[in-house]
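Please open the structure in your viewer and keep the selection panel at hand. The stops below follow one another, beginning at a ligand.

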Amino acid sequence: MSDSMVNIFGLYKSYYRDSLEIPVLRNISLKIPEGEFLALMGPSGSGKTTLLNLLAGIDQPTSGTLSVAGEEISQLNENELAKWRSRHIGFIFQFYNLMPVLTAFENVELPLLLTKLTKKERKEHVETALSIVGLAERMKHYPRQLSGGQEQRVAIARAIVTDPSLILADEPTGDLDKHSAEEIMILLTRLNQEFKKTIVMVTHDPRAAEKAKIVRHLDKGELD
Amino acid sequence: MKVFKLIFKNSVRHRLRTILTILGLALAVMAFGLIRTFIKAWYAGADAASPDRLITRSSVSIVFTLPISYKEQLMKMDGISDVSYANWFGGIYIDPKNFFAQFAVEPETFLKMYPEYIVPADQYQAFLQERKAVIIGRRLADRFGWKIGDPVSLTGTIYPGNWDFVIRGIYTGKEDITDETIFVMRFDYLDEVIRRDMPGRAGQIGWYVLKMDNPARAAEISKAVDAHFKNSLAETLTETEKEFQMSFIQMAGAIIIGLRVISYLIIGVILLVLANTMAMTARERVSEHAFLRTLGFRKYHLFGLILGESLIIAFIGGLIGILLLSIVENVVAVAIKQFFPSFSADLITYFTCMATAFIVGIGASIFPIQRAMRIKIVDGLRVVD
Ligand SMILES: Nc1ncnc2c1ncn2[C@@H]1O[C@H](COP(=O)(O)OP(=O)(O)O)[C@@H](O)[C@H]1O
Ligand SMILES: [Mg+2]
């Protein structure tokens with residue numbers, strides 16, 4: 001494995017609407033070393049989410065090579081990708097995407113159901129993840145009983161519980177007030193510095209972006 | 001936490017919707033079970049038929065009669081150990097809606113031919129000794145509060161006039177399915193009056209009942225009897241008691257077919273109710289399903305989540321449905337006991353109800369599953385709910 005967490009070369013991505021090609025990403029080349037904290041900025045519709053989805057292996061590039069966590073993921077089939085994702089990727093969304101019927105504990109446990117861990121091991125992992133985000137006391141709470149900032153912290157706990165190689169965050173503070181946003185950024189910074197997690201974060205918020213080690217701009221599908 | 005727990009928690013996510021769906025299913029399953037029970041009760045007479053009895057009737061139609069003189073010839077035929085006969089009386093007790101079956105029988109052979117009717121010996125003796133005597137079923141006696149010694153008057157329809165009878169016996173059934181609603185009068189009383197008032201119609205019976213030594217010979221004996229009376233004044237049609245009963249039931253065939261159609265429509269309704277709920281559910285969860293797949297869950301997990309939820313709802317609905325059925329059938333049985341000797345849902349009916357619910361559970365999840373399978377992760381994630 002090279003020391004690049006992400007290695008993108010000559011990446012193109014187009015969508016097709018009734019045989020009309022809509023180019024979204026154009027000739028993207030990007031190297032992200034392990035342990036990096038990269039903020040991706042750019043106007044709405046510039047292709048940030050699309051790039052993140054490609055990194056997560058939930059979308060396929062039109063052309064180009066895309067190696068993430070040592071795997072050439074454009075070559076993997078659907079099942080291989082699913083397995084790869086559960087091992088290497090932690091995803092954080094703008095709207096948290098917690099399951100409303102599950103408690104904080106159960107939400108964090110969700111990705112572990114795909115592993116071979118025993119119930120006891122799962123419990124340890126979940127408790128560790130929840131205490132890292134400072135919500136060990138809220139394990140039994142349902143999402144509706146938590147504030148937006150707390151929900152996002154549960155979502156972060158869920159993203160790190162499998163100890164993934166790469167954390168992808170799509171506007172993680174986009175739906176939060178200033179104070180909660182700050183807490184989330186402190187947490188992400190800690191994950192990067194203390195736990196050496198590689199993070200790629202899409203954001204609109206310059207204050208959030210300045211917490212990252214490096215900021216890249218995407219405009220009209222092209223990286224600066 | 002197991003995936004099963006998630007399925008269960010999902011199924012009660014919209015509590016009111018789930019409860020209404022389950023209640024809808026339960027009521028429909030119950031209605032389905034009741035109709036099936038009703039159809040079964042309709043056929044109960046045929047089920048109660050004895051295999052060692054043959055019925056010989058006019059080959060033209062059951063409403064045509066046969067001469068009473070055939071009895072002696074039938075007695076002489078091979079394989080037949082006893083011969084009795086009966087006629088349909090068709091009288092009205094006060095009001096046509098008080099309907100019950102009335103048969104005029106040959107008193108001396110009646111009990112021997114129908115051992116499933118249990119009559120105390122002294123009551124049967126009384127019946128043999130008095131022309132106007134009748135024996136009635138226990139349920140019929142209960143229905144009108146009749147006791148031994150009570151006089152009963154019927155208004156004849158086939159045989160006009162006022163007919164007076166005296167209750168001399170009350171029979172009970174040997175089996176649960178034995179019909180206890182019949183009114184049995186003496187044929188000789190009927191024939192005496194007919195001979196006096198409408199001589200042209202005297203000496204005619206409705207059908208013969210033949211007892212065989214060996215039920216296995218039913219087909220052969222039936223053929224021999226009908227061959228014997230071929231080209232005589234009244235040709236015959238002989239069949240087993242069961243076939244005979246069925247031919248009556250078939251007269252109500254349109255009703256039965258109607259009921260069957262309704263029962264299938266009910267299944268359709270159950271399917272639509274649940275399919276609708278499942279479709280709504282799946283539509284609401286598009287982004288959630290996409291997110292689960294982002295975590296690494298696979299299509300077959302979604303398949304299990306949707307199917308499992310559908311089956312849970314169907315199963316609970318079915319369970320409550322058969323519970324309701326087990327209560328309601330008793331109420332219905334009491335209400336219609338005069339007409340149906342036996343009305344009770346059997347194990348097969350309960351099983352069929354549950355199996356139907358189960359199949360509906362599978363059927364209702366097909367389209368939602370297809371939808372969930374087709375949608376791409378990135379498209380699902382873009383759906384904001
Ligand atoms: N599934 C899709 N089909 C067609 N067009 C799409 C699809 N997904 C994204 N797009 C288009 O691609 C462009 C980039 O979208 P996106 O990556 O979501 O932008 P951003 O996250 O930077 O706001 C937009 O113009 C969007 O309309
Ligand atoms: Mg976006």
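Begin by selecting ligand 1 together with A:Thr50, where a polar side-chain atom of the residue lies 2.5 Å from an oxygen atom of the ligand; a polar contact here is a pair of N or O atoms within 3.5 Å, and within protein one must be able to donate a hydrogen and the other to accept it, while residues adjacent in sequence count only if both atoms are side-chain atoms. This is a predicted model, in which local features need pLDDT of at least 70 and side-chain atom pairs count only at pLDDT 80 or more, whereas totals for chains, interfaces and linings use all residues. Residues are numbered from 1 along each chain as its sequence is written, chains are lettered from A and ligands numbered from 1 in the order in which they are written, and side-chain values use heavy atoms, with hydrogens and water left out.

Taken alone, ligand 1 exposes 560 Å², of which the protein buries 76% (accessible areas by the Shrake-Rupley method with a 1.4 Å probe; for residues, only the protein chains shown count as cover). Colour by chain next: because residues from chains A and B surround ligand 1, the site is shared between chains. Among the 13 residues around the ligand, those that come nearest include B:Arg382 (near means that a heavy atom lies within 4 Å).

Now move to chain B and select B:Phe89 and B:Tyr159, whose ring centres are 6.3 Å apart with planes at 20°, so the pair is stacked (rings of Phe, Tyr and Trp, the last by its six-membered ring, pair if their centres lie within 6.5 Å; planes under 30 degrees apart are stacked, over 60 edge-to-face and the rest tilted). B:Phe89 counts as buried at 0% relative accessibility, and B:Tyr159 is buried too, with 6% (buried is under 20% relative accessible area, exposed over 50%, partly exposed in between, with a 1.4 Å probe and protein chains only).

Finish with two backbone details. A:Ala69, buried at 10% relative accessibility, has a positive phi near 50° although it is a residue other than glycine. B:Asn231, exposed at 70%, is likewise not a glycine and has a positive phi of about 70°.
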